[in-house]
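Please describe this structure for someone who has not seen it before.

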Amino acid sequence: MTSNSQGGGGVAEWLPMLAAVGAAFTAGYLISSLPSPFSRKRSSAVGIIPARYASSRFEGKPLALILGKPMIQRTWEQAKLATDLDHVVVATDDDRIADCCRGFGAEVIMTSETCANGTERCYEALTKLGRKFDIVVNIQGDEPLIDPEIINGVVQALKTSSGAMFSTAVTSLKPEHASDPNRVKCIVDQQGYAIYFSRGMIPYNKKTVANPDFPYLLHLGIQCYDANFLAIYPQMKPTPLQLEEDLEQLKVLENGYKIKIIKVNHDAHGVDTPSDVESIEALMKARHLK
């Protein structure tokens, strides 16, 4: 797995963050322990696996059995193998998920039912941990085969890219999937920062069909945040592009923050529907995984 060249950061890149902090104070919020824009070192990292029971496409998905183990357990076990994480927890609002996770040894943080998305659930969990971390990794609970090296990669990307408040991963996308709205696409600049994310085909060409020779990029669900930025994110109002595409990463870009991208070789094996469980099990059997 390789990442793009690392980007530097300067005072100018902190101005949007400081402006957002000022707005937060005006609204009555208190954000403490903000780092100096002249000195930024990120060292400790926590992995948080947000999990909810309710899902329109697959209710109870985290508890679905995959070769005899709950999916949430398989995700947790993979996350525990990531050497760049100092701690791993599950964040949920459901007692059934919490009981299951405690049963296989995971630490569980109970969060509110009102969290709008996984990012907000991660932030609430972070505030309840009782320990400070510089980096928070949002690990999707429906990717039971997540590669620990991808987790390590997004952590390292944020540690070494002082200008970024967020990092994530992309992999190659087959051209025939370029128009699939369930596969989020990404385009990246020459310094390894995200330009845009979309459910549509990007880049779009005037022939209106996928180019079989173009290296389309698929966004993987893992998201890694600067912990201080994560305190600001829930206070940001929804943005037009975010609402139109239903992609929370766009709120980050629309507010002027940089997202560092790493490119990895990875077959995406997310679970969205019950039929995906059968596909995952077939793949695991073919690879002799237990």
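## Loops and backbone angles

Asp246 sits in the loop between helix 7 (240-245) and helix 8 (249-254); helices (H or I, at least four residues) and strands (E, at least two) are DSSP runs, numbered from the N terminus. Although Asp246 is not a glycine, its phi is positive, at about 55 degrees. Asp246 is exposed, with a relative accessible area of 56%; buried means under 20% relative accessible area, exposed over 50%, and partly exposed in between (1.4 Å probe, protein chains only).

The model is predicted: local features need pLDDT of at least 70 and side-chain atom pairs count only at pLDDT 80 or more, while totals for chains, interfaces and linings use all residues. Residues are numbered from 1 along each chain as its sequence is written, and side-chain values use heavy atoms, with hydrogens and water left out.

Leu67 also has a positive phi, near 50 degrees, in a residue other than glycine. Leu67 belongs to the loop between strand 3 (65-66) and strand 4 (69-70), and at 29% relative accessibility it counts as partly exposed. A cis peptide bond, with omega about -5 degrees, joins Ile202 and Pro203. Pro203 is placed in the loop between strand 10 (194-198) and strand 11.

## The chain as a whole

The chain has nine helices and 12 strands. Of its 290 residues, 49% are buried. Among contacts (heavy atoms within 4.5 Å) with a separation of 6 or more, 69% are between residues 24 or more positions apart.

## Nonpolar cores

A nonpolar core is a set of buried Ala, Val, Leu, Ile, Met, Phe, Trp, Tyr and Cys residues joined through side-chain atoms within 4.5 Å. The largest one has 39 residues, of which Ile49, Leu85, Val90, Cys101, Val137 and Ile151 touch the most other members. Elements giving two or more residues to this core include strand 2 (45-51), helix 2 (71-80), strand 5 (87-92) and helix 5 (148-160). Helix 5 gives the most, with six residues. Apart from this core lies another, of 34 residues, among them Val188, Phe197, Leu217 and Ile259.

Beyond its neighbours within four places in sequence, Ile49 is in contact with residues including Ile72, Thr75, Trp76 and Ala79. In helix 2, seven of the 10 residues are buried, among them Ile72, Thr75, Trp76 and Ala79.

Strand 2 and strand 5 run parallel and are joined by six bridges; two strands pair if DSSP finds at least two bridges between them. Strand 5 also pairs with strand 6 (residues 107-110) in the parallel sense, over four bridges. Ala91 is the bridge partner of Pro50, and Ile109 in strand 6 is the bridge partner of Ala91. Strand 5, helix 3 and strand 6 make a right-handed β-α-β unit: with the strands pointing away from the viewer, the path from the first strand over the helix to the second runs clockwise.

## Cysteines

There are zero disulfides in the structure, a disulfide being a pair of cysteine sulfur atoms within 2.5 Å. The sulfur of Cys100 is 5.3 Å from the closest cysteine sulfur, in Cys101, which is too far for a bond. For Cys115, the nearest cysteine sulfur is that of Cys122, 9.2 Å away. Cys100 is partly exposed at 21% relative accessibility, whereas Cys115 is buried, with a relative accessible area of 13%.
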